[in-house]
Structure formats: structure tokens, C-alpha cells
Amino acid sequence: MPWRSMFMTVATCFLAGSTFVHWIADHNTVWRNPTTDDAARIAIKYYNILAGSTSEAARGDSTLLANIWLVVGSVATLLCGSRAVSAMLGLREDDNESNGGYLFDGACTVLLMRVVWVQWSEVYPAIASLLNAPGQAQATTTSFDLAADTVRGLASRNLSISVCLTGVILLQAGRYYSERSYEKSRINDERAAAEDASRETPQESTVTSAATTDTEYDSHTEGNKVPLKKRGRAQTPYRELSESEAMELKTG
């Protein structure tokens, strides 16, 4: 259904965009080895604010956004899985509509399941553990080292989620291209079949009309009419002259 494709596209873009936002804190911890102390402090402070450390209201908003993220991801996963199952059932019933779309939907379902699971089981607990992390502590302290390791793990998980969501978008684009190519091929086949049928119809009517014969009679013969010749109607539109008519034309 079109609404499922639209919701999946919008939901995937929402999840990817909300994950790409963390790049402002993750780029220094992912692409720099070893990670500097300043990059770790910036990342710790960012996730500390994201967890709602400033106030109780901010903490409630953070929890609400996390739940919305999980709900959107779960609904997108269920819709993609249902569409994959529908396509597989159509393939089993020899439905012409099933043109391999279940492969794209199945792959998207697996990627979305991984995204939701990693976000729920690894990312959110790690962010919650940074709620009171010592962002300004010295690098030699044990608590800061643990927090720095946590933000490094968060950066790698966010990167993997971003890659999975990008793969979902590309797979959906491939599914759309496959459906469009299949639809064009089907329309061209139907058009060719219609043209072949239209070319065969006049030939059949010509053969039928040629097989229909008519008997002509000599109208100048007294008494019973004498049949002159059986001919097909499609051969000529004119009547052949009788012998008496030919003699009149000669004497005249």
C-alpha cells in the first residue's frame, strides 16, 4: 500500500536525522585515536545535557523523546515486516504483483530490528549512565575514564545505527526502482499484445469474407434463371456480362 511506503520513508528519515544530530559530539571520539581529553569532555557534557541533567522537566522531555523514537522505529519495523510477509504470500500464490519486493522489505525489517534493539538496550542505558558524569574531572580519575569509554561506545553505536538507517533508505529506493521497471515492462507487454490482436483481426475478417460466395443469374434468360458463375464477393464489385449482352454490345 502507498501509505505504508510513505510512513516508512518518513519514519526512517526521522530516525536517521535524530541520530545524525549526535555527530556534533561523536566526530571527535570516532575519528580520532587516541581520543583527546577535550573531545571526551565535550561529548560527556553533550550527553549529560541530553539525558536531562539540568532539571526534572528536561529529564521528562528526554524520556518522552526517547519513547517517541522507539515507538516510531517499532511501527516502521512492523509495517515493513507485514509488507514483506504480504509479498511472500503473493509470490506463493503466483501473484504477478510480487516481483521480488519481499527481498527489499525483508532486509529492511532486519536492519530496523537491529536499530530498535541497539537503541533500546545499549544507547539509552549508556546515556542514562552519563546523567551525573564528571565532565570537568581530571583525565586521571577513574570516573572520567569510565565516562570517556562510555561516550566512545555511544559514538560507535550511533554510527552503526546511522549506517543501518541509510541502508534502509537505499533499499526502499531500490524497491521503488524495481517496481517501476516491472510496471513499465508489464505495460509494454500489454500494449504489444493489444497491437498483435488488432493486426490479426482484419486478416480473419478478410478470410471470412473471401470464403462467402454469391450466385449470379442471367437476367436475360427467359424461364428459369440459369446460374452463371459462383464467385467470391471480395474478388470484384462488378457483374460479368452474359453472352446475349456481349452480342448486343458488338452489334450496337
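A residue counts as exposed when its relative accessible area is over 50%, and as buried when that area is under 20%. In this predicted model, tryptophan 117 has a relative accessible area of 53% and is therefore exposed. Buried residues account for 31% of the 252 residues in the protein chain.

The protein chain comprises seven helices and two strands. From the N terminus, the order of elements is α-α-α-α-α-α-β-β-α. Among contacts between residues at least 6 apart in sequence, 68% link residues at least 24 apart.

Aromatic pairing was examined next. A pair of aromatic rings is described by the distance of the centres and the angle of the planes. In one, the ring centres of tyrosine 46 and tyrosine 47 are 5.1 Å apart; the planes meet at 80°, so the geometry is edge-to-face. Tyrosine 46 and tyrosine 47 are both buried. In the other pair, tryptophan 117 and tryptophan 120 have ring centres 5.6 Å apart, and their planes lie at 50°, so this pair is tilted. An angle counts as edge-to-face over 60 degrees and as stacked under 30 degrees, so the value of 50° falls in the tilted class.

Tryptophan 117 and tryptophan 120 both belong to helix α5 (residues 101-129), where they sit three residues apart and so are separated by about one helical turn. An α-helix has 3.6 residues a turn, so residues three or four places apart point the same way. Helix α5 contains 29 residues. From its first C-alpha to its last, α5 reaches 41 Å, close to the 42 Å expected at 1.5 Å a residue.

Helix α3 spans residues 37-50, a total of 14 residues. At 1.5 Å a residue, α3 should span 20 Å; the C-alpha atoms at its ends are 20 Å apart, which agrees. The buried residues of α3 are Ala39, Ala40, Ala43, Ile44, Tyr46, Tyr47 and Asn48. Glycine 52 follows α3 and has a positive phi, near 90°.

Two buried polar side chains were considered in turn. Threonine 12 lies in helix α1 (residues 2-20). Its relative accessible area is 3%, so threonine 12 is buried. A polar atom of the threonine 12 side chain lies 2.6 Å from the backbone oxygen of methionine 8. Beyond its neighbours within four places in sequence, threonine 12 is in contact with Leu165, Val168 and Ile169.

Arginine 175 is located in helix α6 (residues 142-211). With a relative accessible area of 10%, arginine 175 is buried. Its side chain makes a polar contact with the side chain of aspartate 105, at 2.9 Å. Not counting residues up to four places away in sequence, arginine 175 touches Arg83, Gly101, Phe104 and Asp105.

Cysteines were also inspected. A disulfide is a covalent bond between the sulfur atoms of two cysteines. The structure holds zero disulfides. Cysteine 13 has a relative accessible area of 43% and is therefore partly exposed. Cysteine 164, at 11%, is buried.

Key:
Residues numbered from 1 in each chain as written. Predicted model: local features only at pLDDT ≥ 70, side-chain atom pairs only at ≥ 80, totals over all residues. Heavy atoms only, no water. Phe/Tyr/Trp six-rings, centres within 6.5 Å; stacked < 30°, edge-to-face > 60°. Buried < 20%, exposed > 50% of the residue type's maximum accessible area, 1.4 Å probe, protein only. Helix = DSSP H or I, 4+ residues; strand = E, 2+ residues; numbered from the N terminus. Expected span 1.5 Å × (residues − 1). Polar contact = N/O pair within 3.5 Å; in protein donor to acceptor, adjacent residues only side chain to side chain. Contact = heavy atoms within 4.5 Å. Disulfide = S-S within 2.5 Å.
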